[in-house]
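This briefing concerns a single protein chain, shown below.

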Amino acid sequence: YLAYNETFDFMACCRSCASVSGSLLEYDTSKLVHIRNQKIGFVYRLVQLVVIVYIIAYVIVLEKGYQETEQVLSSVTTKMKGVALVKQDDGAPSHAWDVADYVVPPEQTDAVFVTTNALVTESQTRGVCPEDPNVVAGRCESDLDCLPDTHVQNGNGWRNGTCDRPTRSCFIWAWCP
């Protein structure tokens, strides 16, 4: 702040701005000097030789620095979706399998798991039941809307070709209820 009786020195301000901007726009160059001294030249070349020998002999040849590797840290997860329909020899559907049936456990280290055993959930059975009415692709007005042996998009099973008129949804092969 300026006092009431002080005045602003515009020229002094311009000189200090000029010196700051001048130092920002300057650069220095190095001067090349030839020294004709055998002892200094010998020490200079000896240091260069030691650095080159260190890099070639020790780092590359002995330590095999060009072959250094790191352990890989990663993971791969395979996610299965959908419902599988198992048919009998005569072509009639017998079982519907969902993800919980054929992926047990869902993850394993360094392995792929093939399900050879099924878990039974009490009070649920595989069979034919109406699709959830909130699943848009499972809604129907008549049996013509429920094409047999087709999967319900974003649904819970495979259509069996019949429409459940009270719920207005297709009957599906799946876990019921």
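How many disulfides does the structure hold? The structure, a predicted model, holds three disulfides. Counted along the chain, the bonded cysteines pair in the pattern 1-6, 2-4, 3-5.

**Fold and surface**

- The chain contains three helices and five strands, and their order along the sequence is α-α-β-β-α-β-β-β.
- Of the 177 residues of the chain, 16% count as buried.
- Among contacts between residues at least 6 apart in sequence, 43% join residues at least 24 apart.

**Disulfide Cys129 to Cys176**

- Cys129 and Cys176 are joined by a disulfide with an S to S distance of 2.1 Å.
- This pair links distant parts of the chain, 47 residues apart: Cys129 belongs to strand S3 (residues 125-130) and Cys176 to strand S5 (residues 169-176).
- The torsion about the S-S bond of Cys129 and Cys176 is about -85°, and the disulfide is therefore left-handed.
- Cys129 and Cys176 are both buried.

**Disulfide Cys140 to Cys163**

- The sulfur atoms of Cys140 and Cys163 lie 2.0 Å apart and form a disulfide.
- Because Cys140 is located in the loop between S3 and strand S4 (158-164) and Cys163 in strand S4, the pair ties together parts that are 23 residues apart in sequence.
- The link of Cys140 and Cys163 is right-handed, with 85° about the S-S bond.
- Cys140 counts as buried because its relative accessibility is 3%, under the cut-off of 20%.
- Cys163, at 4% relative accessibility, likewise counts as buried.

**Disulfide Cys146 to Cys170**

- Cys146 and Cys170 form a disulfide in which the sulfur atoms are 2.0 Å apart.
- Cys146 is in the loop between S3 and S4 and Cys170 is in strand S5, so this pair ties together parts that are 24 residues apart in sequence.
- The disulfide of Cys146 and Cys170 is left-handed because the torsion about its S-S bond is about -90°.
- Cys146 and Cys170 are both buried.

- Strand S5 holds Cys176, the partner of Cys129 in strand S3.
- Strand S5 also holds Cys170, whose partner Cys146 lies in the loop between S3 and S4.
- The loop between S3 and strand S4 also contains Cys140, which is paired with Cys163 in strand S4.

Notes. Residues numbered from 1 in each chain as written. Predicted model: local features only at pLDDT ≥ 70, side-chain atom pairs only at ≥ 80, totals over all residues. Heavy atoms only, no water. Helix = DSSP H or I, 4+ residues; strand = E, 2+ residues; numbered from the N terminus. Buried < 20%, exposed > 50% of the residue type's maximum accessible area, 1.4 Å probe, protein only. Contact = heavy atoms within 4.5 Å. Disulfide = S-S within 2.5 Å.
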